[in-house]
Amino acid sequence: PGRAVTPVDRGYLLGDALLILPVSPEDAVDAPLPPGVWTELTGACRTGRLRCMRGYKEMPVLVRENTLLPISMNGQSLTQTTGDDADRLTLHWFQPKGSAECVLTDGTCYHVQRTGEHITVSASTDKPFHLIIHRDGMETLVR
């Protein structure tokens, strides 16, 4: 909430963590990526530039490294939450570094910390949730 949509070279940056790259009429994507490691929601890690062929319904969505992204169990990003939504929440941590945090629109806060290979999670709720780590094209269910 409250984060800007910023046009970038051949795409749109949502807040500072999500990058959307439109597909050309020729079904191609050819766009420079902002600095850092970006992970497509399909799992592929990218740096520098993204060049690929995609159908117009397959727009690439990329997530910046060290982003903690809350996604509901039905695959929808949580832009508005109710009490029931938190019961179906999965946190996705992309290319984790030291720590990351996310706050849902209802004020629920999640904080993850990585020390070596040890992961700790704290939450301002006692409702169940899952945590998936995305690292180098692999997904690991942590919680």
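T67 is found in strand β9 of this predicted model, where strands (E, at least two residues) and helices (H or I, at least four residues) are DSSP runs numbered from the N terminus. T67 is buried, with a relative accessible area of 11%; here buried means under 20% relative accessible area, exposed means over 50%, and partly exposed lies in between (1.4 Å probe, protein chains only). Leaving aside neighbours within four places in sequence, T67 is in contact with A17, H92, W93 and F94, a contact being heavy atoms within 4.5 Å. Residues are numbered from 1 along each chain as its sequence is written, and side-chain values use heavy atoms, with hydrogens and water left out. Because the model is predicted, local features need pLDDT of at least 70 and side-chain atom pairs count only at pLDDT 80 or more, while totals for chains, interfaces and linings use all residues.

Which residues of β9 lie on each side? T67, L69 and I71 are on one side and L68, P70 and S72 on the other, and both faces are covered. In a regular strand the side chains alternate between the two faces of the sheet. Strand β9 is joined to strand β10 (residues 89-94) by 6 bridges, and the two run antiparallel; strands count as paired if DSSP finds at least two bridges between them. Within this pairing, the bridge partner of L69 in β10 is H92. Strands of a sheet pair through backbone hydrogen bonds, either parallel or antiparallel.

L18 itself has its place in strand β3. Strand β3 pairs with strand β2 (residues 11-14) in the antiparallel sense, over 3 bridges, and L14 has L18 as its bridge partner in β3. Both strands belong to an open sheet of 6 strands with antiparallel pairing, in the order β1-β2-β3-β8-β5-β6. At its edges stand β1 (5-8) and β6 (45-46), each with a single partner strand, so one side of each is left without a neighbour in the sheet.

A second open sheet has 3 strands, in the order β11-β12-β13, again with antiparallel pairing. Its edge strands are β11 (99-103) and β13 (118-123), each of which pairs on one side only. Neighbouring strands of this sheet are turned by 10° against each other on average, direction ignored; for such angles, axes are lines fitted to C-alpha atoms (for helices over the stretch in contact), and values run from 0 to 180 degrees between N-to-C directions. Strands β11 and β12 run antiparallel and are joined by 5 bridges, with C102 standing opposite Y110 in β12.

How many aromatic pairs does the structure hold? There is 1 aromatic pair. Y110 and F129 form it, edge-to-face, at 5.0 Å centre to centre and with 70° between the planes. Y110 lies in strand β12 (residues 109-115) and F129 in strand β14 (residues 129-135), so the pair ties together parts that are 19 residues apart in sequence. For this classification, rings of Phe, Tyr and Trp (its six-membered ring) pair if their centres lie within 6.5 Å; planes under 30 degrees apart count as stacked, over 60 as edge-to-face and the rest as tilted. Both partners are buried: Y110 has a relative accessible area of 0%, and F129 one of 7%. R143 lies over the face of F129, at 4.0 Å from the ring centre, the criterion being NZ of Lys or CZ of Arg within 6 Å of the ring centre and within 35 degrees of the ring normal.

Two loop residues show a positive phi. D27, in the loop between β3 (18-20) and β4 (28-32), has a phi near 65°, a positive value in a residue other than glycine. D27 is partly exposed, with a relative accessible area of 33%. Q95, in the loop between β10 and β11, has a phi near 45° and is buried, with a relative accessible area of 9%.

For the chain as a whole, the secondary structure comes to 0 helices and 15 strands. Of its 143 residues, 37% count as buried.
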